[in-house]
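User: I'm new to this one. Can you walk me through it?

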Amino acid sequence: MDSKKLFGTNGIRGLANKELTPETTAKIATAIGTFFNKKNLLVGHDARTSGPMLAKAVIAGLTATGCNVFFAGMAPTPALQFAVKNHCMAGGVIITASHNPPEYNGIKVIWKDGIEISHEQEADIEKIYYENKIVLAEWNKLGTTYEMPVVNGEYVQAVKKHVNTSQIAEKHYHVVIDAANSVGGLTAPQLLRELGCRVTSINANIDGTFSGRLPEPRPENLTVLAATVKAVGADLGVAFDGDADRSIFVDEKGQVYMGDKTFAVVEKYFLIENPGAQIVTPVSSSTLIKETAETYRGEIVWTKVGSVTVSQKMKEINAKLGGEENGGVFYGPHQAVRDGAMTTALILEIMAKTGKKLSKLIAEQPQYFIEKGSVECPEDKKEKLLEKLHEQVKGANVSTVDGVKIWFEDGSAILIRPSGTENVYRLYAEAKSHEKALKLVKDYSAMLRKILTAI
Ligand code: MG
């Protein structure tokens, strides 16, 4: 928190009690409160051990500036985002570090429409924080705190309104839910039971140490889920990240899919019903998303990587669907933010409507192989590396919307971009064969390392 920047790609993140101490957090909250200027704000947190402590610091900071706080307690990020909009709050503060390990926590600031504030608004808060423009209220003008325990229940009912509940219920699907010992377990089991599903839960108890698995729903963290789906003969498995805005699915055979593939399933059936619709997705998404849009008469709008950018673009052009390769699906008719429970309901509806299992829905898609890699790069060399990279790949079929994306004639592609949260460059390659995708990551990692030694 020493630099002149608080916000990263996705809100403020830091180690609990190292970077995000009660003191720092309360001060950040006074800057946020000053920004909102004595309005009503919703506050909630995920299951992390530091959640209740940091929530108290946030509430202290916000009420100190004269904002009233409606405290929702523990809830999924999308449930809190929905509540901000649904209860006509001026905004909200969510204490979560999403998929990061348990020792981290973070602060997301939400605008009145439920979407994370824009990067310009983040800069306004940073200015208040670093230039000592915090305005504390007089002793008799302090904000009041109200308990608001209805958020999770209202959210479940809101998600149900966007799917054909009786069509899903007729199928009596058996679904295994892996909530990573976090807030997804507070809403998803109830939602699926109300959709007529039989639910088996693993990692369902709330445990801020994430004792069951790490909160990032990568395939290597989901082996127990995959095995459970097979063992109990379930129709589907779903895993959420730490704040349940992302969902990764497992088919009835125990196969775990990357988010691109399930997003493309949602995209296809959305476009069949909404031909000509715009689909918002970052340049990190697979060519599969582009190909699906071309086949089903949609239009892709590419953005920089980051869920806030996707939400903001959806808002700007009034798009109804967005998605990311990491399992984030943004369903505009509900809310233009990532929403794990909404995505699960949509996948179940597509399965019910088509009578097809997830394995079949995915087998029908064009197949691309994705490989990811990373190369360590100190923060102060990131910009220079990007400059050099631009020079080296000049002349090829290149996009510089975010980092460098190169498309090759055989349909393969690679995206190379600096991470917003870590001192690394990330590489995402895709190709019609696994070997080709691996080779792209290997070749371009070597190229990055070579450039780095020279700068
Ligand atoms: Mg998340």
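Analyst: First a term: two strands pair if DSSP finds at least two bridges between them. Helices (H or I, at least four residues) and strands (E, at least two) are DSSP runs, numbered from the N terminus. This is a predicted model: local features need pLDDT of at least 70, side-chain atom pairs count only at pLDDT 80 or more, and totals for chains, interfaces and linings use all residues. Residues are numbered from 1 along each chain as its sequence is written, and side-chain values use heavy atoms, with hydrogens and water left out.

User: Which residue in S10 stands opposite glycine 237?
Analyst: Valine 250 does. Strand S9 (residues 236–240) runs antiparallel to S10, and four bridges join them.

User: What order do the four strands of the open sheet take?
Analyst: The order is S8-S7-S9-S10, with mixed pairing. Strand S8 (198–202) and strand S10 (247–250) are the edges, each pairing on one side only.

User: Which helix packs on the sheet?
Analyst: Helix H8 (residues 223–232) does, touching strand S7 (174–178), S8, S9 and S10. Contact means heavy atoms within 4.5 Å.

User: Switching topic. What coordinates the magnesium ion?
Analyst: Ser98 (OG), Asp241 (OD), Asp243 (OD) and Asp245 (OD), at 2.0 to 2.1 Å. Donors are N, O and S atoms within 2.8 Å of the metal (3.2 Å for Na, K and Ca); water is not among the atoms, so sites may look incomplete.

User: Is aspartate 241 buried or exposed?
Analyst: Buried, with a relative accessible area of 0%. Aspartate 243 is buried too, also at 0%. Buried means under 20% relative accessible area, exposed over 50%, partly exposed in between (1.4 Å probe, protein chains only).

User: And what does aspartate 245 meet in a salt bridge?
Analyst: Arginine 338, at 3.2 Å, N to O. Arginine 338 lies in the loop between strand S14 (329–331) and H12, and aspartate 245 in the loop between S9 and S10, so the pair ties together parts 93 residues apart in sequence. A salt bridge is a side-chain nitrogen of Lys or Arg within 4 Å of a carboxyl oxygen of Asp or Glu.

User: How many salt bridges by this rule?
Analyst: The count is 29.

User: Last one: which residues touch the most other members of the largest nonpolar core?
Analyst: Leu42, Val175, Leu192 and Leu348, in a core of 65 residues. Helix H12 (residues 340–354) gives the most to this core, with nine residues. A nonpolar core is a set of buried Ala, Val, Leu, Ile, Met, Phe, Trp, Tyr and Cys residues joined through side-chain atoms within 4.5 Å.

Definitions and conventions. Axes are lines fitted to C-alpha atoms, for helices over the stretch in contact, and angles run from 0 to 180 degrees between N-to-C directions.
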